[in-house]
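Here is a short note to go with the structure you are about to open. I hope the numbered points make a friendly first tour.

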Amino acid sequence: MIIQSLCRYYDILAEDEDAAISRPGYSNGKVSFALVISPEGKLSYIVDLRSDDKKPRPKDMDVPLQEVRSSGIAPYVLCDNAKYVFGVEKLKRSEFEKKFLNPSSKGASPDHRILAKSDKEVVLVHQRSRDCFEAFKARQHEVLDTLKDPGIQALLAFLDTWNPEDFTKHPKIVEYMDDLLAGGNCVFESEGLFLHKKPSVMKVWEKHCSDRGGSGGFTAQCLVTGQSDTVARIHQNLKGVTGAQMSGASLVSFNDESFCSYGKRGDKQGLNAPISEPAMFKYTTVLNYLLAHKDYRMRIADTTVVFWAETSGTTCEEAVSFFLDPREYAEDNGVESSDPAKVQDLQKIELIGDILDKVRKGRKIHTEDIGADPETNFYMLGLSPNNARLAVRFWHVDTFGNFIARAARHHLDLEIVRSDYDPHYVSIYRLLKETVASSSDKKTSDPDKKASGSNKVAASPLLGGLIMRAILSGGPYPVQMYSAILSRIKVERSINSVKAGFIKAYLLRLVRAGLTNLKEDMITVSLNEESQNVPYRLGRLFAVLEKAQTDTNREMKSTINSKYFSSASTTPAVVFPVLLKLAQHHIAKSDWGVKITQNIEETLTGVDKFPAYLSLEEQGMFMLGYYHQRKAFFTKKEVVAGGSE
């Protein structure tokens, strides 16, 4: 089902001129340099194709298909790294000494020549690098020998006359030597054109791929298309999943006899789950495309999530990204109209508010509301690393309209009275962050977040998948996350709008699922003075007693919160008699003693006795009451997160 959906989406993107997705026989390559070859077969100069950023990034190019390359020698066509193109390698000095100077080391070889060295690194030619170059040269001749293109003939002449030991003698190579040997790919240019993009070269390459696909190989019925075709033995690696190997990981692979089933040839890797070469190319290409574009990708804990709708353009994906990871701008953040990016984000925030209002009132979402057909098929795939493979954390299929409605319901459930500086809408990352200590040393490994300069705290990998399931299904939120947030509140002795919002959302969904005796009208956005729920009133009472203490001495550094909050929210019968006794001393010293007494009496209305113990649900109501009462005290104008004032 997953691979079939990916193959269908590949077909949609292939027809979209704005989607730069690789065609059969090609793959996306990270290219750092173009080697300009003269008509005489000489290296004229080198063009740096990398970006001008502080940390230069390679250029994305469609190049002849680069299949999975493991420990063997496997050259590519017209695009490869310096080890294959020049026959030269750079090693760390410790690695060089182990391989070439230590006779007892496995694989040690005295057959090498040092071209350059420093205290840390050695540039050399050795037997394996020579073999890589010879294989690269033979591969170009194999594919391109019959082509009479002048540029190709110049390239073959260059390869035939190149001596790896001349690497450090070429002035242009010396200029870029360290960067060339860093592992980036090189392509070839002649007479102002990249050789791999010439129509005549592409025609020869595509014929070569077609001839190779039709000869030999194991034929079976494809699990995706249902048609008999050549089975892909090794599937292309998928790159961009956080935590997986930099070289990529496989979604489908077998490497042990124990994986054989019903006579399938598990020892032949992909043949145990027969997927045809065309289907394998489509699903791996489109998945790599999704992983490489931020519009289709986000990270939740250790899970990399990709999502797409069966339509061209990125309207759906942009809406999804903003619903699940909204920008946390406050109302008074001073956004200037001259900043287009932030203004656009604030416009999206207003759009979310309009959609939430429709969902709140039970109205149907239309195309003009979300910029796309609500009946469009929508997919969401969660991938997490598992050694050299990828594990599917979750897979969700629905219409785009239903997804938006459920995401909107998620934000509605999180609505809570807030301060002006609190976020309008809460991202999943922000929710997960509230489950761990803010002083945690664990930082995110997400390259997107590192690039933005933020150090984000790592939450439990389990919670990311659980909360996504709750959002996508509309079911209860994970109790593990609820318990973690309650624990953080007790330890930190403070509760912010994000924690309070999640407590409210958790309890609301328990009510809807029929898993609690609470009533939905008891769980409100702001202070509910009519609620007779005892834990809620006790939370309010704790806030009243705390304010009575601070009103007596505003310079007080430590209040009853720091000593009694955790126990009061768990065993109120033990704590509240002590707190009420302490309150009498504060009332006697306060200028507002009568008002404080009235507040205490009003809050205690309906509380016949203090419970000996509060369950997890009751503790949540206690903390919600405490939060609401404090906001009522200290917020002159209450604002609902995600709603209207």
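1. Y289 counts as buried, with a relative accessibility of 11%; buried means under 20% relative accessible area, exposed over 50% and partly exposed in between, using a 1.4 Å probe and protein chains only. Y296 is buried too, at 4%.

2. Please keep in mind that this is a predicted model, where local features need pLDDT of at least 70, side-chain atom pairs count only at pLDDT 80 or more, and totals for chains, interfaces and linings use all residues. Residues are numbered from 1 along each chain as its sequence is written, and side-chain values use heavy atoms, without hydrogens or water.

3. Rings of Phe, Tyr and Trp (its six-membered ring) pair if their centres lie within 6.5 Å; planes under 30 degrees apart are stacked, over 60 edge-to-face, and the rest tilted. This rule gives 24 aromatic pairs. One of them joins Y289 and Y296, tilted at 50 degrees with centres 5.8 Å apart.

4. F378 and F400 make another tilted pair, with 6.0 Å between centres and 50 degrees between planes. F378 belongs to strand β14 (residues 377-386) and F400 to helix α13 (residues 400-413), so their pairing ties together parts 22 residues apart in sequence. Helices (H or I, at least four residues) and strands (E, at least two) are DSSP runs numbered from the N terminus. F378 is buried at 0% relative accessibility, and F400 is buried at 0% as well.

5. Which residues form one aromatic cluster? They are Y9, Y289, Y296, W308, Y379 and W395.
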